Amino acid sequence: MSVTDTAASARGNSAGVDWAKDDYAVCVVDADGEPLERLTLKYTRTGLRRLIDLLDRHRVDAVGIERPDGPIVDALLAAEATVYVIPPSQVKALRRRYGSAGNKDDRFDAYVLADTVRTDRRRLTPLVLDSETTTGLRKLCRARKDLVAHRIAVANQLRAHLATALPATVELFNEIDSSISRQFLTRFTTQDALDWLSPKRLAAWLKSVSYCGRTDPAVLHTRINAAPRGATGDYGQTLAGITRAYLATLAAIVAQIDTLNQQITEALDLHPDRDIFTSLPRSGTVRAARLLAEIGDARGRFPTPASLACLAGVAPSTRESGKVRIVTFRWAVDKQLRDAVCDFAGDSRHANPWAADLYQRARARGHDHPHAVRILARAWLDIIWKCWTTNTPYDPDRHRALQHLLKQDHQVAA
């Protein structure tokens, strides 16, 4: 226990902060768990000052809170308070320590947080924030992920609209939101416009937009003629307006995704941990940035690789009682971190023989694809954690399991 924790234990006062949309509840308890003061404060500069004054007046330096970010956390850390993050799912379970009804109330939750810090501080991990560089990169990556989800949603809406307005264009190109597909729909918005096309005219237009030429224009023209006809005349023009609206929305989203890609690349290039994550197989730029941003650069958060694996949700949850032992999927995790880790692990098997072998052996044992990817992600996190804590890029030549597998393959081939 640190000097700060020893002093805090001697004083015994702790606080809990439960925030809502417009205000937040604060509760301070003494060494016996008796409430000393309760307040409801606004999200203002004055409210934050009152919060810090309250902690100083009651000699509180340990605070329980449900969220690890925001102006309240910044103010608490600036005041040198030790902050413990207790997720809402845990708070929900902790309410039953104080009553079987499980009632929800912000003021009561603030008391639960304060009392939990008082009684269970030795089992809680103090909040350690990442650097501003990492936090900024995380926000960029999450914003890009949200925009990609919006792009997919709008593309699906456009596809559903074209199924009745202009069916020939739905499966004309591989992706409805690709550049060539959007250009085609911008130029040929109605069935009347498609009727004007001939193989020669289509070939000339494709050449003018620098089409890659993977599919012969004659084949594309055959697809157009074989598809059901779309709306024509005034009705076709009306539906074309809807098509243009979806295309404009897609264009705006795609442009902003490209802008974020540039910002992510710049931020990653300047980050001191860049080489660790870009050295991983099939990590690329955006994937490496997501891994770095979600794992962070505060080494104290993960003292062991198991702690990182548990938060990432790639370590199973075990329940055992008597002769019954159940191993289940872990739900209480950082979902953003799990998504980033599993996305990397799932693609790494296409470039790393060790990853491919581990994945295939998991599938051979009867696990489905998501489970096999989590098993592979768990193994990768041991390696990533070692590289991360030693500031060493991943080197396949020093990966003993990979080299052992390659040596076996070489012996079999010989």
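**Figure 1. Phe184 and Trp205 form an edge-to-face aromatic pair in the predicted model.** Phe184 and Trp205 are both buried. The centres of the two rings are 5.6 Å apart and the ring planes stand at 80°, so the pair is classed as edge-to-face. Phe184 belongs to helix H7 (residues 179-187) and Trp205 to helix H9 (residues 199-208), so the pair ties together parts that are 21 residues apart in sequence.

**Figure 2. Tyr98 and Tyr111 form an aromatic pair.** In the whole structure, a search finds 14 aromatic pairs. The pair of Tyr98 and Tyr111 is edge-to-face, with 5.6 Å from centre to centre and 70° between the planes. Tyr98 lies in the loop between helix H4 (88-94) and helix H5 (106-120), while Tyr111 lies in helix H5 itself, and 13 residues separate the two. How exposed is Tyr98? Its relative accessibility is 29%, so Tyr98 counts as partly exposed. Tyr111, in contrast, has a relative accessibility of 13% and therefore counts as buried, the limit being under 20%.

**Figure 3. The largest nonpolar core has 47 residues.** Phe277, Ile295, Trp354 and Trp380 are the residues with the most contacts inside this core. Helix H17 (residues 369-390) gives the most to the core, namely 12 residues. At least three residues come from each of domain 2 (135-267) and domain 3 (273-296 + 303-319 + 327-413). Leaving out residues up to four places away in sequence, Ile295 touches Phe277, Arg301, Phe302, Leu308, Leu337, Ile384 and Trp388. Another core, of 29 residues, lies apart from the largest one, and Val154, Leu185, Phe188 and Ile257 are among its members. In soluble globular proteins, nonpolar side chains tend to be buried together.

**Figure 4. The chain is divided into three stretches assigned as domain 1, domain 2 and domain 3.** Taken over C-alpha atoms, the centres of domain 2 and domain 3 are separated by 35 Å. Nine residues from domain 2 and 11 residues from domain 3 take part in the contact between them.

**Figure 5. Residues 276-360 carry a domain annotation in UniProt.** The unreviewed entry lists this span as "domain: Transposase IS116/IS110/IS902 C-terminal". In the model, the span is 49% helix and 12% strand, and its end C-alpha atoms lie 26 Å apart. A further close-up shows Arg349 and Tyr359: the charged end of Arg349 sits over the ring of Tyr359, at 4.2 Å from the ring centre.

**Figure 6. Ala15 is buried in strand E1.** Strand E1 comprises residues 14-19 and includes Ala15. The relative accessibility of Ala15 is 0%, so this residue counts as buried. Which residues does Ala15 touch, not counting residues up to four places away in sequence? They are Cys27, Val28, Leu55, Val60, Ala62, Val63, Gly64 and Ala114. Thr133, which is 118 residues from Ala15 in sequence, is 30 Å from it in space, C-alpha to C-alpha.

**Figure 7. Val254 and Arg151 touch although 103 residues separate them along the chain.** Val254 lies in helix H11 (residues 233-270). With a relative accessible area of 16%, Val254 is buried. The C-alpha atoms of Val254 and Arg151 are separated by 7.2 Å. Apart from residues up to four places away in sequence, Val254 touches Arg151 and Arg182.

**Figure 8. Glu80 and Asn391 have positive phi values.** Phi of Glu80 is near 65°, a positive value in a residue other than glycine. Glu80 is located in the loop between helix H3 (71-78) and strand E5 (82-85). Is Glu80 buried or exposed? Its relative accessible area is 66%, and Glu80 is therefore exposed, the limit being over 50%. For Asn391, also a residue other than glycine, phi is near 55°. Asn391 lies in the loop between H17 and helix H18 (400-413).

Terms used: Residues are numbered from 1 along each chain as its sequence is written. Side-chain values use heavy atoms; hydrogens and water are left out. A nonpolar core is a set of buried Ala, Val, Leu, Ile, Met, Phe, Trp, Tyr and Cys residues joined through side-chain atoms within 4.5 Å. Buried means under 20% relative accessible area, exposed over 50%, partly exposed in between (1.4 Å probe, protein chains only). Helices (H or I, at least four residues) and strands (E, at least two) are DSSP runs, numbered from the N terminus. Domain bounds come from an automatic or database domain assignment. Contact means heavy atoms within 4.5 Å. UniProt positions are given in the numbering used here, feature names are shortened, and annotations may be inferred rather than shown by experiment. Rings of Phe, Tyr and Trp (its six-membered ring) pair if their centres lie within 6.5 Å; planes under 30 degrees apart count as stacked, over 60 as edge-to-face and the rest as tilted. A charge sits over a ring if NZ of Lys or CZ of Arg is within 6 Å of the ring centre and within 35 degrees of the ring normal.
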